Amino acid sequence: MLSAEYPPAPGFERSIPEAPPPRARYTGAMDTIAPAAPPLSRDDMLARMYASDPAADGRFLTGVLTTGIYCLPSCRARKPNAENVRFFATEDEARGAGLRPCRRCRPHHFYERYDPDLHLAAGIAERIRRDPGSLPGLDDVVRASGVGATKLHALFRRHYHTTPAAYLARARVSAARALLAAGAPGASETAFAVGFESVSTFYDRFRRRTGLTPGEYRRLGEHPRFRLRLPADYLPAYALRMVGRDPESRAEGARGSAAYKTLRLPGGPATLRIEFRDGAAECSMDAPRAPAPEDVRAAHSAAVRLLGLGDDPAPFERRAAERGDGRLVEGRRGLRVPLTADPWEALVWAVVGQQVNLPFACALRREIIDLCGEPAGDGHLAHPAPEAVAALDPAELRRRRFSGSKAEYLVEAARRVVAGDLPLDELEHAPAPAAEQRLRAVRGIGPWSAQYVLMRGLGLADCVPVGDSALATALQRYFVLDARPGPAETAGRMSSFAPFRSLATFHFWQTLSEATSP
């Protein structure tokens, strides 16, 4: 985890079933059921069954011969007499004995890591992404889900860190971008195709999320330049300081009101330059060859991420004022969370930033970029792709001041990405608990690292990097505590800022220096 020196930087193919089919599950959330453990005696298993011990789930199953069912040890149903109990190691054994799963504890769901609520949320989210135009309004989304509006809202908050309405609007803009890039005939046709009821609403939502009008987006690529209109409350200082936090980097930097970021693009590396002027971000590209339209569109996507334009801070600021935390945002209204250029960069930052201060984390990241970054001219290097890091021998990193474990963790993570075991692009659309689980299945990725990637790589709104020393220091000062809070107290203190804990975290980081916009 980074120390307190962390920068205080400024037509759908299938419908959603009303009830999930048997054995259905969100496969991205799979993991190991239980570690190997010594076998238990019958007396031990009886004791754990009678205690409804959840720690025993996965170690054995309880078969009740008089009722013909099998249960998890933690099942809260009425307990049978010991003489009517038979224990099984697997579901196949229990079924082979003629037993069926308990309808109360649902052991088959446990063994499949099946969560009905997650299945429902993931299914309706997938439908929204695939064809947002098929759901004209929020009422249609609620009807398609088969649950009430209140429950659907809670499910989306939990699994996607947003509301169903906001998710639908985002999907519509994303679908519109794809149509416009493919040469859609006009804004009106595009607006109605993706489900907007009016062209004016389409223009407003599109400009908020992209900084461009639909027509400007369609023309991206005609020139290696584009101009992003920024929200009236936008604070450039924080994006500038985040991009420029390593003054020695050859991959990015900032000076005055301008910043640059060297990117890996479909046609090869190029340097994106951003200058803040007159309420806009003037963007241009330098590349060894003329950028193709897909390169300019990719650079635009990176710029939107780096500037945090996908974030709307107004709901958090209203909530903070209502709950008496207005002083947390005072002087920084309009602050957004700048994302990394892509999720892979966030993963690299998370690994190199574990248990070291910011200057050393920056130095380690420079070593990686110098070792296998892609040249983009004028001495600039693009952040290396996962394939380049995966090809490294960890010994090469150890010779460049990496610890043995950090070198192995980074190379192994890159190899998992390349092999498809850690599909970062897919995680951008996965439910948050599933994305975190996939990340934490990678050796060396713990709770802090996973939350950092979710927050700055995937753009999720309700993350807390518990264990971050800068956050703990900021909480100590803000709440006037005698000592820095530990993980449990940090989580407790941050719980009141849900469902906007990512932005709250970023505000707390800023309080360490009270940076303000110029």
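Because the model is predicted, local features need pLDDT of at least 70 and side-chain atom pairs count only at pLDDT 80 or more, while totals for chains, interfaces and linings use all residues. Residues are numbered from 1 along each chain as its sequence is written, and side-chain values use heavy atoms, with hydrogens and water left out.

Let's start with helix α11, residues 236-243. Helices here are DSSP runs of H or I with at least four residues, strands are runs of E with at least two, and both are numbered from the N terminus. Seven of the eight residues of α11 are buried, so the helix is largely enclosed by the rest of the structure. Buried means under 20% relative accessible area, exposed means over 50%, and partly exposed is what falls in between, using a 1.4 Å probe and protein chains only. The buried residues of α11 are P236, A237, Y238, A239, L240, M242 and V243. What lies over them? The cover includes the strands β6 (252-255), β7 (258-263) and β8 (270-277), together with the helices α12 (293-307), α22 (447-457) and α25 (501-510). Contact, the basis for such cover, means heavy atoms within 4.5 Å.

Helix α24 spans residues 487-495 and holds T490, which counts as buried at 3% relative accessibility. Leaving aside neighbours within four places in sequence, T490 is in contact with V466, L471, L475 and P485.

The largest cavity holds about 170 Å³. A cavity is a set of points, on a 1 Å grid over the protein atoms alone, where a 1.4 Å probe fits but cannot get out, and lining residues have an atom within 4 Å of a point. Grid points are joined across faces, edges and corners, and the volume is the space filled by probe spheres set on the points. Of the 16 residues that line this cavity, M242, V243, E252, L306 and R456 are the closest to its centre. The elements giving two or more residues to the lining are α11 and α15 (343-352), and α11 gives the most, with three.

Next come the rings. Rings of Phe, Tyr and Trp (its six-membered ring) pair if their centres lie within 6.5 Å; planes under 30 degrees apart count as stacked, over 60 as edge-to-face and the rest as tilted. By this rule there are 16 aromatic pairs. One of them joins F202 and Y203, whose centres are 6.2 Å apart with planes at 75°, so the pair is edge-to-face. F202 is buried at 0% relative accessible area, whereas Y203 is partly exposed at 33%. Y478 and F479 also pair edge-to-face, at 5.0 Å centre to centre and 85° between the planes. Here Y478 is buried at 8% and F479 is partly exposed at 25%. F202 and Y203 also belong to one aromatic cluster with F196, F206 and Y217.

Two arginines sit over rings as well. The rule asks for NZ of Lys or CZ of Arg within 6 Å of the ring centre and within 35 degrees of the ring normal. The charged end of R327 is placed over the ring of Y478, 3.7 Å from its centre, and R245 lies over the face of W349, at 4.0 Å from the ring centre.

What about the cysteines? The structure holds zero disulfides, a disulfide being a pair of cysteine sulfur atoms within 2.5 Å. C71 has its closest cysteine sulfur in C102, 3.9 Å away, which is too far for a bond. C71 is buried, with a relative accessible area of 7%. For C372, the nearest cysteine sulfur is that of C362, 17 Å away, and C372 is buried at 15%.

We finish at H429, in the loop between α20 (424-427) and α21 (432-440). H429 is partly exposed, with a relative accessible area of 42%. H429 and A125 are 304 residues apart in sequence and 8.5 Å apart in space, C-alpha to C-alpha. Leaving aside neighbours within four places in sequence, H429 is in contact with R129 and Y160.

Definitions and conventions
On a 1 Å grid over the protein atoms alone, a cavity is a set of points where a 1.4 Å probe fits but cannot get out, and a pocket is an open set with protein on both sides within 12 Å along at least five of seven lines; lining residues have an atom within 4 Å of a point.
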